[in-house]
Each structure stands twice: as structure tokens, then as C-alpha cells.
Number of protein chains: 2
Amino acid sequence: MARRTAALSGFPELLPADRVVEQRLVETLSRTFELHGFGNVETRAVEPLEQLLSKGETSKEVYVLRRLQETDADATSGLGLHFDLTVPFARYVVEHAGKLEFPFRRYQIQKVWRGERPQEGRYREFTQADIDIVGRDELASHHDVEVARVMLDALRRLDFLPGFTLQVNNRKLLEGYFRGLGLEDPGPAMTAVDKLDKQSPEAVAALLVEGGMDADLAERCLRIATIATPDTGFVEQVRALGVEHPLLDEGLAELEAVVAGCAPLVTDRVSVVADLKIARGLDYYTGTVFETRLTGHEGLGSICSGGRYDSLATDGRTTYPGVGISLGVSRVLVPLVNAGALGGDRPVPSAVLVAVVDEDSRPVSDAAADALRAHGVPCEVAPAAQRFGKQIRYAERRGIPYVLFPGDGEDSAEVKDIRSGEQVAVDPATWTPPPQDLHPSVRTTTEEHP
Amino acid sequence: MARRTAALSGFPELLPADRVVEQRLVETLSRTFELHGFGNVETRAVEPLEQLLSKGETSKEVYVLRRLQETDADATSGLGLHFDLTVPFARYVVEHAGKLEFPFRRYQIQKVWRGERPQEGRYREFTQADIDIVGRDELASHHDVEVARVMLDALRRLDFLPGFTLQVNNRKLLEGYFRGLGLEDPGPAMTAVDKLDKQSPEAVAALLVEGGMDADLAERCLRIATIATPDTGFVEQVRALGVEHPLLDEGLAELEAVVAGCAPLVTDRVSVVADLKIARGLDYYTGTVFETRLTGHEGLGSICSGGRYDSLATDGRTTYPGVGISLGVSRVLVPLVNAGALGGDRPVPSAVLVAVVDEDSRPVSDAAADALRAHGVPCEVAPAAQRFGKQIRYAERRGIPYVLFPGDGEDSAEVKDIRSGEQVAVDPATWTPPPQDLHPSVRTTTEEHP
């Protein structure tokens, strides 16, 4: 049926051993999110176009669907593939609000699609892992701390990945600071701060001056963006700038709570920094904002971003504020796997190959395999009753560490560790390999990330 | 952002408690498949249209993709969403053949899309769970037995679902029988047998006669399709029809092996039958064929089907024979969930709500929650420091069975089972709820399926 075709650019696929890494990553995320009380949700892959385009600026990325046999006359679908998990989740909340309990915590790990030009870490199909907490009408600010803590806990547990730096800021803090400086419209200054990641402070200040701002004021606007502290020290540094505004106070208190609340989770691999140049310009955040850098792979940009929305969704009468953060699973994983820095240590789940003496006794081997499986040992039975040397090489090629030779009623079964050559008599109904051999595990190139 | 919209017909979505059932189902399938040595693969959601349309008859079901900003001039994508997991898997095998070890076992659990008119058990987006074993150039017939055994083992473990009947047949058996009767082209007879599910034997025989067949021969053709035995008794019944052909012998031996090999897995919930009217007319199977009925829901049709392909894929020089079976996860699950026959017993993973005495002591509650999580107890912290009665009702509404009141250094922590009202002193660092309360579990309406 299938014919050979070239791989599709922007649609990464993993070989079985590499898929092991993705499975472990998704399992670890899911387990962590559930430990924190987040339930899983999956939304359909498609949304009405008007839902997808309500933000406007992402319109060019959307894949639109059409049934092959659909004529223009009955082109009714008006559906597109979702390009993130926030838009479908907001729609899910409004659609099912009557059946949900608020504050509602959910995690969602699904593929999303964007018709962008593919590049390193940017794909047309990729997996995201989102957590959000949504309230009805109100949502206390301690949930901002919670979301950061949950994602940090997950990143800590992903110990086969390089380190992470979670950068936190608060838009109220920036806006309050700009208003305290006397700006009536803090928009241009916010946009300017957002550009500091790619342009020099001088160039950004020049833009503000071009926009009609006094040079000294422009310099003062950008001064706040130079503050970055790994603790709550930023509060004093901001105060030292001598600007006062109630919104600034509010933002400072919220950011202080996030940084203080995250402190117990910091390790030498996972750190938190209050970084006051983080603005997330185009997104609809209204308070806390998050970005995350992967140590040694800063060129990937932010691999885990999010923040607080005063209105994640609304049905006209009720407003649903939310706070969330989204990890780019493919964006982290695929470059590391492609570079050979990460992989599974075998491409099959089998810890044991059960040998076959001859085709007539295959049921004996099947029974031994079932005995292993009954207490949780993944195994497979040799495909052909070749001589044992060949069967052992079959196991070797797959990285299966053990070969079990089934007994015949008189002789008991024996198991060989094909790495050491050691062979011992065992009972398949009770024998189990050591835990580190039971399932495929993630192999890392330790040079890359200590 | 989101506005209220109507649910999209054919794109089922589950509420959090119902999603628990799907999670358990997928976990059970994955664990079982891995115990049998099947590694997981995910393929991209899209395939080139020429790949999707190579079977022809499914063309009208395909969703075609187009980028929103794409003009006709650069309409280059030529991509559609996959409508099953076999076509993409066959392409994956050919594309990555040099990096796979054969026979190659894989399982794949993903969504697929078909632009069909939605109806009970038939959706436009749905999840399938496939297992396949693929050889290079050759694949021994004992793998047909293996695939049936693996799926039966999985269906046995899905003990919250109604019973299943796996129906097995073999196309060589049918073809050999028809050739033994003297038919040079067994096609029309095969097609006729395939119609017996929906039409009477008389009507089907009349069709054969209309096609030019002698009435007596037509009757003999259909006679084999009346044979159905829960054991290998079918062999004798076929022999009693007095037809001889080498292909018939081959088919009988293969079907006998499948039925005999499955016998140890039969329970009162999961049965196997050699049903000689199963032909799977339009598919490209060449030997063993499978269908499966869900007890009490026969109207859903076959919810788990598959068989043997002599050529699952080819790259021109090498042919890849395969045998596989595909479970319609959504087709089984969604009707049962919608009917209220299945659901999760709570919509949140949390087994414990950690109470908050006042907002100043929230960090104490957070620390107690972290202590619970450190040994695997899912929990959440109360969103507001309301009086305890209100916090307990918060837990009650979510089906969270325990509320933990954190100690304050002097008093130790206490946990209340809110169902019994019993309250005892505990250490959050060691206390764990009984296993049946630790995670949400599947609730069944036991009247429906004993």
C-alpha cells in the first residue's frame, strides 16, 4: 500500500527508542500535574474559524479544513486546526461551565498545528503541555504562585533534561511604574521593554524618543527592565528608582509572592529569576507573566510561557479569569533528540526475550511469557526457533537484556543476562529483572548537561 | 476571548470525570501492549493526499488542509488528515525501514478524522488503538495468533467494559473453499458472504444467481458461512462439506491455530468464535481476519477489526507483510459514557483537600500538601481560608474523600474522611489514603454488564 516518500518538513516523527523519551516526559508531566490536583482534559483538534481568528494576528498560521468531496456550495465546515491549547480550553470552559467546579484546574497535553515556516524548535505539528487554573468572576492571586510552583515541580522531575530558568515578571508592576513616571498611555513603553530581548537599550530608547518621548524619560522607562534578581531583592531595587503608583505596589507584591513561593523548589538545575524585562508584548496577559529558558539552548527562545488573564473567557454575563503556563514539549524534545543528546536505551519495551526450542514447543514459550507478564515483566517470544546463538543476537540487536530459556517440565527455566553472560535457573512465575532493566529508560549524553 | 458556541456534531468531548475512563482505558491498553513487547509509535496527523487516496474508496472521507493565507498559486500542501492508523503506519515503516528491527511490533493510540455524517458510535474525530506486527519479506503465521492473544489480553483487563466476542476467520479458507467448489473467480462469492451480516441467505443467494451462478452452487457457496464454533470444531464441520483445495487446508490450519491459541485467554466476559461468515469485504486482507462485537451493543458493529496483509507496505524492492488489529476507543467509550453506563468517580485527581486556616498560614498548608505529594498522594490546597465547613463542602462537591487540617507545630495535623466523618491525627509526610481512594476510578452501572 504505502510507497516511499520524503519526510515532511515541520512534521517531526520519532523512532521507537526516541519516542520512549517523549513517553517518559509526558508521563512525568501528567503525574506531577495530577499530584497537584489538575485533571486532564482533551479538546477536539478543530475549532470554528471565528474562534481561532478572534485574536487576529495569528490568522496566517491556521490550517483550514475542507472535506475532499465538498463543493463550494456546501462548504459548511468553517473549521480549522487549533494552533494552541488556550483558545480551545477557553471555549471548553464557556461551553461546559455549568458542569465544572471553579476554580477549575486542568492540564492538557496535545498536538497543535501552525502553518509556519519550519525552523529549529519550530514545527508545523508539535505537542504542548498546558496547565491552567480558571475562576468564575474571580481568582485569587495565590494561584499565580501555584501555577509557577507546579511547573517548577514538573521541570525538577524531568531530570534527564538540561536546566531551566523560569523568568517571572508582572505587567501591573511595569504599567504602574510607567504611570508613576507620568505616562498616560503605558503601551509604547511596554512594547519597548518587550523589544529589549532583541535590540540594544540605546536602540529601543531611540524608538521611544522618535515616538515623541523626552530622552531622559525614555531612559528612566527602560531602567526598570535592567533589574533581574534570583530572589525578592528586586523589590528594593525598584523602590530605589523612586517611582510611586498603587498599581506598581500591587505588581511588586504579586511578583514578590511568586518569587518567594517558588524559592523552596529551586535546585542547581531549576532556577527562578524575577526578570523585569519580560513583558510578553502581544499576549493578553494582565498581571503575572512567565517565560523559561533551557540552559545551553537559549536560542530556542522561551520554551515554557504563560501568565495571568483577567478574562480567559467570557460568555457575555460571566467572566472567567485564569492563570496558566504552557510547556513546548516538542520544542524542548525534538532538537535534543535530533542532536543525539537524548534517546531511549532500547527501542522495545521487552525486558526479556523468551527463546523457542522448536516450533512444536512454541506454546511452552508462550506460557513462560504469560507467566512473566502476569507479574508485570514485559517480554516477547522469539519469532523463529533458530539456534540459541541466533536468538540471543536477536535480543542483542533490540537491546533486550535477558533471554529466558523455558524449562520442559524436567529442567527448570533458565535466564541469561546477555551483557554479563551469567545464566541462572529461575521460575518465570516469580523472577523479575532488576528495576533499572524492567522498562526502557532515557539515555542522556551527560557531557551536554551535568 | 472565547464566546459561547454550540457543540460540534461528530467531535465528541468528555467532561473531566468521563475523561478519567478514557485515561484508564488508554493506560490499560498501553500497559498490556508493552507487556507483550509492542513499542509505541506516533505518526504525524497529516499525510500527502496521494498516500491517503491510494485505496480509492475512502476518498470522500478525507479532510484536506489548506493554510488560511494560501493562495491558489502556492497551494502546495496537498495534505490531508489521516483517516486511520494503518496508512500512516505503512508509510512510517517504509520511510524508516533502515532503522527498524523486523519483525517490528508497534502500538499506536491516536485520533483519526473522517468527514462522515456523524451517528451513534461514528464520529468525525475519534481515537483508535492499533497493534501491528510487520515483517520484512516474510512474517510467520504464529504472529496472527499473537496479535489475537494480545488484544484479548487487553480486552480481559478492561474489566469495566461489557463483554467482547472476537470473531475470527481466514480468507484463504473461504477462497480455497470457493475454488474447491470449482469457482475460477472467488470474488463474487466472497462479496456475497460479506453481505450475510445485513441480508438474508436467500437474498444473497439470489444475487449470486443473478450474477450467473447455478442455484445449487450458490447455496453451497453460502453454506460454509453458516459455520460458527467457539472452539476448533469448525474444522470437522468444514471437512464434512466435502470440498478439497490446498488453500482451504492452509486456511483451516491457520484458523485452527488462532482459535486454539486464544482458548487459554477466554473468560466469561471475553470469548472467541471461529465465525466463517466474517470476510471484511473491501479491505486488503489476505488470510486471518478479525471482527469484534461488544456484548449488549451489537448495533455498534465491529468495534475491533483487523487481519493479515501479505503486503502492508512496499518500497518497490522489499515487501512488508503485516498482521494487526484496531480497537475503536471512541466507538466503545463515547456511547457508554453518554448513556451514563460509565464514568469517573470524581472529576479531580485530588484524594485530599488541604485546608487553609488563614491566608497568612497558606505556606503551612502548601508545605503539608508537598509532604503528601512527596510520597505520591494527589492533593490540592483550599482556594480560600473560609470556615472549615465551607472548605469541607468544597471537597464534597469535587468528590475529594479527605480533608487534611495542617498542624501548627504544636498540634499535629488531622485528616477527616468526609464520608464517614471520622477524623484522626496523621503525619502528612507518611500518611496515605487507602489504595481505592488514591486515584479516581471508573464507576460502572453494574446492571448494564454483569
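A crossing is left-handed if the near helix is turned anticlockwise from the far one by less than a right angle, and right-handed if clockwise. This is a predicted model, in which local features need pLDDT of at least 70 and side-chain atom pairs count only at pLDDT 80 or more. Residues are numbered from 1 along each chain as its sequence is written.

**Exercise 1.** Determine how helix 1 and helix 11 of chain B pack.

*Solution.*
- Locate them: helix 1 of chain B covers residues 16-35, and helix 11 of chain B covers residues 329-338.
- Take the axes, lines fitted to C-alpha atoms over the stretch in contact, with angles from 0 to 180 degrees between N-to-C directions. They come within 11 Å and cross at roughly 150°.
- Helix 1 of chain B is therefore roughly antiparallel to helix 11 of chain B (angles over 145 degrees).
- The crossing of the two is right-handed.
- Contact means heavy atoms within 4.5 Å. Helix 1 of chain B supplies B:D18, B:V21, B:E22, B:L25 and B:L29, while helix 11 of chain B supplies B:V329, B:L333 and B:V337.

**Exercise 2.** State whether A:T229 is buried or exposed, and list its contacts.

*Solution.*
- A:T229 sits in strand 8 of chain A, residues 228-229.
- Its relative accessibility is 5%, so A:T229 counts as buried (under 20% relative accessible area, 1.4 Å probe, protein chains only).
- Set aside neighbours within four places in sequence: A:T229 then contacts A:F234, A:Q237, A:V273 and A:A274.

**Exercise 3.** Describe the covering of helix 4 of chain A.

*Solution.*
- Helix 4 of chain A spans residues 142-157.
- Of its 16 residues, 14 are buried, and the helix is mostly covered.

Definitions and conventions: Chains are lettered from A and ligands numbered from 1 in the order in which they are written. Side-chain values use heavy atoms; hydrogens and water are left out. Helices (H or I, at least four residues) and strands (E, at least two) are DSSP runs, numbered from the N terminus. The expected span of a helix is 1.5 Å times one less than its number of residues. Buried means under 20% relative accessible area, exposed over 50%, partly exposed in between (1.4 Å probe, protein chains only). Angles under 35 degrees count as roughly parallel, over 145 as roughly antiparallel, 65 to 115 as roughly perpendicular and the rest as oblique.
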